[in-house]
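Dear colleague,

I am handing over the structure below, and after it I have set out what was found. Please keep it open beside the text while you read.

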Amino acid sequence: MAVSSSLILSPLHFNFIANNKDINKNLSFLSANPLIFNISSKPTNINKGSSIVLCSYKSGSGLTAEDKRVLRERYGFDPNEYISEAKNERIKEGKKQGKGKEVVAEEAAKVHRTTHKLLQVLGGKAKRKKLLSPKGMDVRPMMEVVKGAAFDILQAADGCPASLRPGRWLDLYSGTGSVGIEAISRGCSEAHFVEMDPWVVSNVLRPNLEWTGFLDASVIHPVRVETFLEQADRFAVNGPFDYISVTPPYTQVDYGMLMSQISKSPLVGENTFIVVEYPLRTDMLDSCGCLVKIKDRRFGRTHLAIYGPKWAQKKRKSDKTLQNTT
């Protein structure tokens, strides 16, 4: 006797156990797509009294993504699992077709990025003004305690504890622009910001410059730092900078190669000061081109190295000697 049933819809993963191992192997289906199947039972010659389940698979069931999500939730599965699996399949398929980068970029573009105001200018004309920064860890601004210490050291080494001399500042890996903005606020006449992320430039860096009133004293270079250092003449940069800040994402740079490139760049002069933020267990040389290390401090897992001209190092030593004698 044969018994037929109506169509059954289910997103579950089925492993049918039959007496014949080959049949059992062939009737295992993936759970990523809903199954539509007919069930019938009839006696066979394989084993008297046994049943065979005959299934027909239909990939285009016409269900929407929402229907599939509801079904998965109804049967106790994670409703978002199907969506993530489908997204991964699209990325894999795109890579097979030579479109991997485009597919990944399209998926990444769907992530909604937002900002908040956690940073502030610490000193100078724009003191206490709040600055935008992206939520999350894709952009990691310099900690305020580190930034404050860096500017205090620079102002003392440069012979003017109250402010910076009116020079030019280059902010590499600028992100929010908080370091370059601090420099303008404290006396620098001009700052150049190098930031390759267009979203950060348009939604964080430029609004911060407009909010502080420093946009006219700023130049934004939306390129990679390596490209900027190699092709400085192309970006109409006139000679060495007075100050350079280097605050890269720790895990994405080789500090040895980066500092070597900076030391050989025409952007560094005999009287340039370089501020470098680097992570724990990173070896930093005692010199950078013609410049010497005048300070190296630790703030938890963050280190701060400052390179400058030899006369600044001698001045700091003479100041300490004078303080000890008094």
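Which residue of β6 stands opposite Lys117? The residue that faces Lys117 in β6 is Leu132.

Before going further, please note that this is a predicted model, in which local features need pLDDT of at least 70 and side-chain atom pairs count only at pLDDT 80 or more, while totals for chains, interfaces and linings use all residues. Residues are numbered from 1 along each chain as its sequence is written, and side-chain values use heavy atoms, with hydrogens and water left out.

**Strands β5 and β6**

Helices (H or I, at least four residues) and strands (E, at least two) are DSSP runs, numbered from the N terminus. Strands β5 and β6 pair in the antiparallel sense over five bridges, where pairing requires that DSSP finds at least two bridges between two strands. Four of the five residues of β6 (residues 130–134) are buried, so this strand is largely enclosed by the rest of the structure; buried means under 20% relative accessible area, exposed over 50%, and partly exposed in between, with a 1.4 Å probe and protein chains only. Leu118, by contrast, lies in strand β5 (residues 115–120) and counts as exposed, because its relative accessibility is 56%. With contact taken as heavy atoms within 4.5 Å, Leu118 touches Leu131, Ser133 and Glu144, if residues up to four places away in sequence are not counted. Leu118 and Leu132 are 14 residues apart in sequence, and their C-alpha atoms are 6.9 Å apart in space.

**The eight-stranded sheet**

An open sheet is formed by eight strands in the order β9-β8-β7-β10-β11-β14-β13-β12, with mixed pairing. Its edge strands are β9 (218–221) and β12, each of which pairs on one side only. Strands β13 (residues 291–299) and β14 run antiparallel and are joined by seven bridges, and Phe299 stands opposite Thr302 in β14. Helix α5 (residues 144–157) packs on the sheet, where it touches β7, β10, β11, β13 and β14, and its direction makes about 150° with that of β13; for such angles, axes are lines fitted to C-alpha atoms, for helices over the stretch in contact, and the angles run from 0 to 180 degrees between N-to-C directions.

**Helix α9**

Helix α9 lies across β7, β10, β11, β12 and β14, and it runs at about 165° to β11. The buried residues of α9 (residues 255–263) are Tyr255, Leu258, Met259 and Ile262. Seen down the axis of α9, these buried residues fall within an arc of 90°, so they line one face of the helix; the arc is that of the directions from the helix axis to the C-beta atoms. Among the elements that cover them are α8 (225–230), β10 (241–246) and β14 (302–308). At the N-terminal end, α9 is capped by Asp254, a side-chain oxygen of which lies 3.0 Å from the backbone nitrogen of Gly256; a polar contact is a pair of N or O atoms within 3.5 Å, and within protein one must be able to donate a hydrogen and the other to accept it, while residues adjacent in sequence count only if both atoms are side-chain atoms.

**Aromatic pairs**

The structure holds five aromatic pairs, where rings of Phe, Tyr and Trp (its six-membered ring) pair if their centres lie within 6.5 Å, and planes under 30 degrees apart count as stacked, over 60 as edge-to-face and the rest as tilted. Tyr243 and Phe273 form a stacked pair, at 6.0 Å centre to centre and with 25° between the planes. Tyr243 lies in strand β10 and Phe273 in strand β11, so this pair ties together parts that are 30 residues apart in sequence. Both Tyr243 and Phe273 are buried. Phe273 also forms an edge-to-face pair with Trp311, at 6.1 Å centre to centre and with 85° between the planes, and this pair links distant parts of the chain, as Trp311 is in helix α10 (residues 310–325), 38 residues apart from Phe273. Trp311 counts as partly exposed, because its relative accessibility is 38%. Ring pairs link Phe151, Trp169, Tyr243, Phe273 and Trp311 into a cluster.

**Helix α6 and Ser174**

Eight of the eight residues of helix α6 (residues 178–185) are buried, so α6 is largely enclosed by the rest of the structure. After α6 comes Gly187, whose phi is positive, near 130°. Ser174 is found in the loop between β7 and α6 and counts as buried, because its relative accessibility is 8%. Ser174 touches Phe193, Val194, Glu195 and Leu205, again not counting residues up to four places away in sequence.

With best wishes
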